[in-house]
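Work through the following exercises with the sequence and the structure open beside you. Try each task before you read its solution.

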Amino acid sequence: MTKTVDAIIIGAGVIGTAIAFELAKMGWKTINVDRNTQIGHGSTSGSCAIIRTHYSTFDGTVFAWEAYHYWRDWKEYLGLPAGHDLAKYRETGCLVMKTKTNGYLKKHIENCRLLECPLEEWSPEKIVEKLPIYSLESYAPARAMSDPDFGMPNGSHLSGGVFWPKAGYVTDPALSAQNLADAARVHGAQFQTGAEVVEILRKDGRVKGIRLVDGEEIYAPVVINVAGPASAMINQMAGVLDDMTIKTRPLRQEVVHMPAPEGFDFENDGLIVSDSDIACYCRPEHGNNILVGSEDPDCDPHQWVENDIDYDRNFTDQWTTQAMRYGQRVPGIGIPQKTKGVVDLYDASTDWIPIYDRSQLPGFYMACGSSGNQYKNAPIAGKMMAALVEYCENGVDHDADPLQYTLPYLQRDIDVGFYSRKREINEESSFSVLG
Ligand SMILES: Cc1cc2nc3c(=O)[nH]c(=O)nc-3n(C[C@H](O)[C@H](O)[C@H](O)COP(=O)(O)OP(=O)(O)OC[C@H]3O[C@@H](n4cnc5c(N)ncnc54)[C@H](O)[C@@H]3O)c2cc1C
């Protein structure tokens, strides 16, 4: 039997399921297809799931501050029956070290003050009071392990940081996508797993549907590419790459999982810390562990991969480099003998800002280029994408007359053209996972 729906969503990660939830609530008959056998098991499951409320750009800050509210109100937002196993949001706050690299956070503070997003400026004394395991010696610039000066302090000390108290993390990111899928199902959404898309079908100059690897065809007037690190391949299948100034590409990442130093309960008393002095971010993890990710310093070569399936899932020297950089900040931490953590892919865009847009093929849309920093924004990205699809399907040319979208919590209008596939490269971006 051939299926016909109103919209096909390629991918059932946290963003694909959020789009399904919103479209289904608007009465659209949707189906998400995902190659994996379980929902949320693409890059979403490898995510550190940090929800921060600051960004380098004003638009990025507005979006993230709006998104925070859905994680805070997760149960109400989903509307699932009581007793449902829900992902949990742990509001630990996020400390960001002031460094030359981030302009001592002047722009970030200004952006947040304009939005009344709470923050506190912390002195070095306050940082050490909260994190007694920390040493504030400066090591910038971050260096590769092969550099003879690796691990040598530069003689200065960090001058303080900014603490964003509302930031936190989600304990089980795959479960959060499954929660969204369950909430979408309540409104009639369908999910087909173990279903790999191999062709985008067209008819009369617009999208007609998809073909799966087993030959099954599913038809819809709207197809949305939310394929995470496979987004470029899906865009290529659809033949929509030509007019895009912003491209997407899978980028390999390693996240270190290491025990906190003995005597300090990092799980309960620790924080998320973003530290561009050592080019690492970290967050508490269950079992008094710490997750340590990279802030992509210039000295670390980018590990671009050809596609999202055949790539090296083993830890490399990058793991050891990150663990040792974190050891510069926390001298009492031991570097574990056994490498543990995550190897996964970002879907990096040219300027590390996502694309939420239509395409040159009528009916074909994309929510991609999430660049290691859009887990947090999934709920609002879902709402905005649903509004964008409706706007375009009502016949408006979003390229010429971009949708102005009112954020439900903040009641602010944003120009969705900011996320255009055809934008100029945004020079305000950090050009890193920080967005
Ligand atoms: C190591 C790591 C740490 C991160 N940390 C953070 C963080 O702390 N905070 C933050 O905000 N963001 C973070 N991110 C980014 C965040 O996880 C992603 O932006 C988000 O999960 C993307 O969700 P998605 O739904 O777009 O994609 P995905 O979760 O990747 O889902 C895409 C789905 O598409 C499916 N698919 C692909 N090709 C096909 C095909 N041909 N046919 C059918 N299905 C297909 C895949 O199976 C996959 O399930 C991190 C990412 C990584 C990798």
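**Exercise 1. The chain as a whole**

What percentage of the 435 residues of the protein chain count as buried? Decide also whether the radius of gyration agrees with that of a compact globule.

*Solution.* Begin by keeping in mind that this is a predicted model. A residue is buried when its relative accessible area is under 20%, and 59% of the 435 residues of the protein chain count as buried. Next, take the radius of gyration: a compact globule with 435 residues would have a value near 22 Å, and the protein chain has 21 Å, so the two agree. The box filled by the C-alpha atoms, taken along the principal axes, is roughly 65 × 45 × 45 Å. Then turn to the contacts with a separation of 6 or more, of which 73% join residues 24 or more positions apart. Finally, the secondary structure of the protein chain consists of 11 helices and 23 strands.

**Exercise 2. The surroundings of the ligand**

Which residues come nearest to the ligand, and which elements each supply at least two residues of the shell around the ligand?

*Solution.* There are 36 residues around the ligand, and Asp34, Ser43, Thr44, Ser370 and Lys376 come nearest. By class, this shell has 17 nonpolar, 14 polar and five charged residues. The elements that each supply at least two residues of the shell include the helices α1 (14-25) and α2 (43-46), together with the strands β3 (30-34) and β19 (341-349).

Continue with individual distances to oxygen atoms of the ligand. An N or O atom in the side chain of Lys376 is 2.7 Å from an oxygen atom of the ligand, while for the side chain of Asn36 the distance is 3.2 Å. Asn373 takes part through a backbone N or O atom, which lies 3.5 Å from a ligand oxygen. To finish, consider the cover: of the 1,000 Å² of accessible area that the ligand has on its own, the protein covers 97%.

Key: Residues are numbered from 1 along each chain as its sequence is written. This is a predicted model: local features need pLDDT of at least 70, side-chain atom pairs count only at pLDDT 80 or more; totals for chains, interfaces and linings use all residues. Side-chain values use heavy atoms; hydrogens and water are left out. A residue is near a molecule or strand if one of its heavy atoms lies within 4 Å of it. A polar contact is a pair of N or O atoms within 3.5 Å; within protein, one must be able to donate a hydrogen and the other to accept it, and residues adjacent in sequence count only if both atoms are side-chain atoms. Accessible areas come from the Shrake-Rupley method with a 1.4 Å probe; for residues, only the protein chains shown count as cover. Helices (H or I, at least four residues) and strands (E, at least two) are DSSP runs, numbered from the N terminus. Ala, Val, Leu, Ile, Met, Phe, Trp, Tyr, Cys and Pro count as nonpolar, Asp, Glu, Lys and Arg as charged, and the others, Gly among them, as polar. The radius of gyration is taken over C-alpha atoms; the globule rule is 2.2 Å times the number of residues to the power 0.38. Buried means under 20% relative accessible area, exposed over 50%, partly exposed in between (1.4 Å probe, protein chains only). Contact means heavy atoms within 4.5 Å.
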